[in-house]
Each structure stands twice: as structure tokens, then as C-alpha cells.
Amino acid sequence: MLVGRGEACDVVIDDPSASRIHCRLLAGDGKVFLSDAGSRWGTFVNGKRVAECELRPGDEITIGETVLRLAAEGTPDGTTLARQSEIRQPFDSDEQPMAWPTRHNLSLAGPATIEPEQFDPPSPSPAEVTPPAVDSVRIPVRRPVDAGPLPPAGVKWIGRRFLSCVIEELLARTASGHVFLATETATGQHVALKVFDLALMSDDITRRRFVRAVETTRGLRHPHLVTLLEAGIEQDLCYTISEFVEGENAAALIQRIGVVGMLDWRTTLRIAVDITAALVYAAEQGLVHRNITPRNILIRRSDGAALLNDLLLARSLDETASARLTQPGELLGAIPFQSPEQLGSGQPLDHRSDLYQLGATLYALLTGRPPLEGRTTAELIQRVLTEPPVPPSRIHLAVPALLEGVILRLLAKRPDDRYSSAEAVLKDLERVRRYLGETDNE
């Protein structure tokens, strides 16, 4: 079971001081084990901070301002969520008292949503205090041509003006907003305009995260990266204006030309070389993408080149821990393509996480499925953390052994067992191309 405030958890805690995925509970053979998932404030068992431990009925698990008590299934209070009056005050790693928590009984019988009663929020971390206000950051903020407030994003925007763009077509409705085909009035150039859902970008921390991402990625130029042309906040709406790539994403490419959901290995190899070249450049800029999936790879129709999209989730590697607005334990991107360290393995999260995601994406292009799957989110995460994937050649018989070897090395559980850099991956992929007779002209 996953425990935290994120929707992916089996036990969802409505507690702002809990991480999205705070800790994991693994039950088997009559025993229950707890492991912290790299949470922001730590996990406490019976008042003591732990990384992992075995639990017993009656143990109290403190998560932020919430206390869960483990109850054996079938006991009278095994499924109740009741507030208790006598509670122990936990302490954080600096031995400073936290706010009085809310206590609930926790049963392993099934999912639950836990909503604490009143609590005093913990003191804000430096990340929540020191960054400048959004409107003080040097990002473009201009008024639209049309007067008056804009309606909610969607088909009603077609034909309207937004800043210097005329919106022509709704290209996609994504989990985070709407993507439009638009035309720059001054140049006649087609661009991709993304307007983020207001509900997702309304709080100050999220908006500062957006501003930080814009400042990190603006000005980057590479043949295999989608170029961010402009971004900012307009009428309380966060937006980006990017290079328009006429083509389709890799997931759509599989549906169009794949055989039973699988791409030809030659096509996959060319995509691998292009995206790895983009990652070499990103690493030189000190960036980790963190969201490499088939949907974030665009294939240009004119020449078949692959471009990596969605750099706004990138994070500068030289940020101090106090300045990071994305905290440990938070999940970004599609879970089947997340690296073990993104899912709480405890290993360092750096550029090698991108290499794992690259391997998972290439695996999916070749086989039509991610490397590991599960019936539930908890099962999927546990398998990513512990189980090796089936070699892709067992699913797609034509996959060359050399290409398979590169992909399986990218998918190693421990970052130290993967390639040390994207540059090393690119060298191996180029060797595979030469050995298999593939050239840039094919």
C-alpha cells in the first residue's frame, strides 16, 4: 500500500505536510513492513524517525500532522477512522516540535481517504519563503489584443487572439491544460500555444515552480529539442509558446505504423539516437528532464527526426535543496516510465534517472508496452523497484541483441549499474548503428 496525499496512493491523507507518496507498506507472510519513500518531513513510528522497519498491530505511524495506528484486519476498530485524545508529539530531524497531529486507525483491508481535523501547519521551509514573487521574475507579461477576461480554455478559444497569436485549432487536451495551433501575427509562423489549467496553477508554490522552469529552459536550442519561444503568466493563466512540430508523438506513431503495437527496431534505433543526443545537450546544461515518455517524443513528418518535448519539468542540478520546489516523494510524469529512484528507492536522483526513462520509452516503442506493469499502482511501483523486465526480444523477436543490451543496461535498478552519462549511451548506439548497417540516409 502507498500512503501519502497524492491520488496514486491507496491511503490518501488530506494533509499538506505529507508528501505525495510518503511511505510504503508491504504485507506478506503475516508481517507488515514500512519504508519511507523519500518524504519531505520523514516518517515516524512510535515517535522515532525511521527509513524502514517491521510494524506490529498497535504501532503508530506519524506522517506530517497525521497519526495512523496499525490495526489487524478483523478487529473491532480495524476499519474505523477515529480521532484520539491522547497523542504523542513527534519531532523532526532537528528535534523541533511539530504541530499536534491527528490520529486515525489504519487497516490493511482496503483504500481510504483520511481527512484530518484542525491542525497547525508546520513552519514553511526556505523553499516556501525565499523565492521572489511571481510578478518580480523577468518573464514576458503582456496584455492580450482582445479586451476583457478570457473564457476557460477550450474550443471557445478558437479564432481569438492571445498576446501576439491567433488561435486556429485545438491540438490536444492534456492532463495539465490545452495545446493549440496558433499563428504569430507579426511573422505568420505557426506555433504551439499551451495554456495550463487554472486549477492546477493557482497556488503560489506551483506558480513559482513554473517560473523557475521557464527561467531554466528558456534559450535552450538543439536540433532534437522542441524550442520554447516564450512563456509567462497572463490574466492569471500560465502559458507557453513553443516551436510547432508538424508530425505526431511516438505513441501515435506506434498506433499508425506499428505492428501489433510494436515499432520496427530500425525506427526505434533512429529515435533513440536523436533523443539521446538531446539528453547529452541537456546534461551539458545541468538539466534533468524527468518526464521522458512516448507522448513527449515528437516525430517530425518532413524528415522523421525525433524531438524531445516538455522540458518545463526539467530542474537545474545545481539548485540547493532548499530552493527545490519539487520535493522528494512527489511524482511527476507517467508512473510506468518513472525510474526506481523517482518512486522512492532511496538512490540519488540525477541525470541517470533520465537514462532509465529513455530505456523504458525505447522498450515500449519496441514491444508496445512499458517494461513493467501492475494491476494496481502499488503493485506497479513495487515491481519497478524490485523486478527485472522481460528482455524485449522475447516479445519482439526481431530486436537485435546489441540494441537489447543497451536498453536493458539503461533499465538497471541501481543508477550505478546504468551508463554513467548520456554521452556514453550515444556512443554505444552509434556503434550499434554501424554494426547493423544503419546510416543517416536510411
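Mentor: Some terms come before the sheet: helices (H or I, at least four residues) and strands (E, at least two) are DSSP runs, numbered from the N terminus, and two strands pair if DSSP finds at least two bridges between them. This is a predicted model, in which local features need pLDDT of at least 70, side-chain atom pairs count only at pLDDT 80 or more, and totals for chains, interfaces and linings use all residues. Residues are numbered from 1 along each chain as its sequence is written, and side-chain values use heavy atoms, with hydrogens and water left out.

The sheet is open and has 3 strands in the order 18-20-21, with antiparallel pairing. Strand 18 (247-249) and strand 21 (306-308) are at the edges with a single partner strand each, so one side of each has no neighbour in the sheet. On average, neighbouring strands here are turned by 30 degrees against each other, direction ignored; axes are lines fitted to C-alpha atoms, for helices over the stretch in contact, and angles run from 0 to 180 degrees between N-to-C directions.

Strand 18 pairs with strand 20 (residues 297-300) over 3 bridges, in the antiparallel sense. Asparagine 249 belongs to strand 18, and its bridge partner in strand 20 is leucine 298. Asparagine 249 has a relative accessible area of 18%, so it counts as buried (under 20%; exposed is over 50%, partly exposed in between, with a 1.4 Å probe and protein chains only). Leaving aside neighbours within four places in sequence, asparagine 249 is in contact (heavy atoms within 4.5 Å) with Pro294, Arg295, Ile297 and Leu298. Proline 294 is 45 residues away along the chain, yet the two C-alpha atoms are separated by 6.8 Å. The side chain of asparagine 249 also reaches the backbone nitrogen of alanine 251 at 3.0 Å, and a polar atom of that side chain lies 2.7 Å from the backbone nitrogen of alanine 252.

Helix 3 (residues 265-284) lies across strand 20 and strand 21, at about 35 degrees to strand 21. A nonpolar core is a set of buried Ala, Val, Leu, Ile, Met, Phe, Trp, Tyr and Cys residues joined through side-chain atoms within 4.5 Å. The largest one has 59 residues, and Ile271, Ile297 and Leu308 are among those with the most contacts inside it. Strand 20 and strand 21 are among the elements that each supply at least two residues of this core, while helix 3 gives the most, with 12 residues.

Definitions and conventions: Polar contact = N/O pair within 3.5 Å; in protein donor to acceptor, adjacent residues only side chain to side chain.
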